[in-house]
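Student: I would like to learn how to read a sheet and a set of ring contacts in a model. Please take me through one case.

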Amino acid sequence: MITQDSVQESQNNKKAKQNIEQRKAIPNRYRFIYPEFLPDPDPKYRNLLREKLERMDMLARRTHVAIPEFYVGSVLAVTYSEPHAPGKVNKFVGICIERKGSGLRATCVLRNMVNNQGIEVIYELYDPAIQKIECLRLERRLDSHLRYLRDAPAEYSTFPFDMEPEYLLEGASVPVNEIKVQLNPRPWLEKWERQELKGITELQLPERRIRKAKAAATPWEKYDLMKKYRETIPEEDQNEIFNEVHTKLHEVEITRHRQKHKRAFVRPQKTG
């Protein structure tokens with residue numbers, strides 16, 4: 001009896017350790033792949049019941065339309081219903097310059113050049129009108145947004161609409177594109193020199209504008225722990241959310257992986 005109790009106790013300890021390790025592993029990977037499952041950190045917009053119902057709707061939507069892993073800087077192709085388009089279906093290809101929002105209000109902004117004109121389309125990821133989302137090039141950039149492409153040459157935002165998908169090796173990490181963008185001469189849509197951007201080349205600015213940028217800088221905010229706490233979801237809440245949806249998300253990942261590697265059977269033809 002003593003040996004059985006000791007064996008059972010050791011097994012329970014192993015299971016507890018595995019659960020702890022799983023809880024630690026899930027948020028570290030999922031908070032980048034599925035950021036929309038994390039609610040708005042502002043307490044004014046928090047509602048536990050609404051967030052739970054939204055997560056159920058999001059999981060149900062993912063079983064019908066595969067939303068692939070993508071980041072700011074990835075090239076996507078979105079096929080959606082358009083009543084005024086030929087065939088009632090339209091397709092837009094572009095680079096993701098911004099991703100924001102939480103829950104069913106999660107959005108991404110795609111940018112491309114059409115007839116030498118910059119076109120941006122805002123898509124709600126869980127919009128029922130979306131029929132298909134493809135990630136043609138999976139990569140990340142140095143900044144959290146690429147809005148400065150609006151003030152950059154067209155070559156940085158031009159992608160062919162017949163672009164073929166680029167595949168990564170199985171298990172390979174997401175590549176980081178460290179390209180430096182050369183901005184057009186001023187005027188600009190935003191004051192980029194005040195945003196501490198890493199993906200643009202050194203800006204040539206007049207001395208007066210440089211002084212204003214230095215005066216408006218707030219370098220101490222990166223040490224403000226309370227500011228980071230208010231702008232993010234605590235790790236305990238992340239563990240609880242992702243543990244709740246982990247099983248369903250894992251099933252969706254396996255299904256998408258099987259469909260990606262599925263090959264249609266082609267019956268061989270007789271020759272001779």
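Tutor: We go from the overall makeup to the sheet, and then to the aromatic rings.

Student: What should I know about the model before reading it?

Tutor: This is a predicted model, in which local features need pLDDT of at least 70 and side-chain atom pairs count only at pLDDT 80 or more, while totals for chains, interfaces and linings use all residues. Residues are numbered from 1 along each chain as its sequence is written, and side-chain values use heavy atoms, with hydrogens and water left out.

Student: How many helices and strands are there in the protein?

Tutor: Helices (H or I, at least four residues) and strands (E, at least two) are DSSP runs, numbered from the N terminus. The protein has 5 helices and 5 strands, and along the sequence they follow the pattern α-α-β-β-β-β-β-α-α-α.

Student: In what order do the strands of the open sheet lie?

Tutor: Strands of a sheet pair through backbone hydrogen bonds, either parallel or antiparallel. Two strands count as paired if DSSP finds at least two bridges between them. Here the open sheet of 5 strands has the order E4-E3-E2-E1-E5, with antiparallel pairing. Its edge strands are E4 (117-124) and E5 (130-137), each pairing on one side only. Within the sheet, E2 (residues 89-100) and E3 (residues 107-114) pair over 5 bridges in the antiparallel sense. Arg99 has Cys108 in E3 as its bridge partner.

Student: Over which ring does Arg99 lie?

Tutor: A charge sits over a ring if NZ of Lys or CZ of Arg is within 6 Å of the ring centre and within 35 degrees of the ring normal. Arg99 lies over the face of Phe70, 4.0 Å from the ring centre. Likewise, the charged end of Arg140 sits over the ring of Tyr71, at 5.5 Å from its centre.

Student: How many aromatic pairs does a search of the whole structure find?

Tutor: Rings of Phe, Tyr and Trp (its six-membered ring) pair if their centres lie within 6.5 Å; planes under 30 degrees apart are stacked, over 60 edge-to-face, and the rest tilted. The search finds 6 aromatic pairs. One of them, Tyr34 with Phe37, is edge-to-face, at 5.9 Å centre to centre and 85° between the planes. Tyr34 and Phe37 also belong to one aromatic cluster with Tyr30 and Phe242.

Student: Why does Phe92 count as buried?

Tutor: Buried means under 20% relative accessible area, exposed over 50%, and partly exposed in between (1.4 Å probe, protein chains only). Phe92 counts as buried because its relative accessibility is 6%, whereas Phe161, at 36%, counts as partly exposed.
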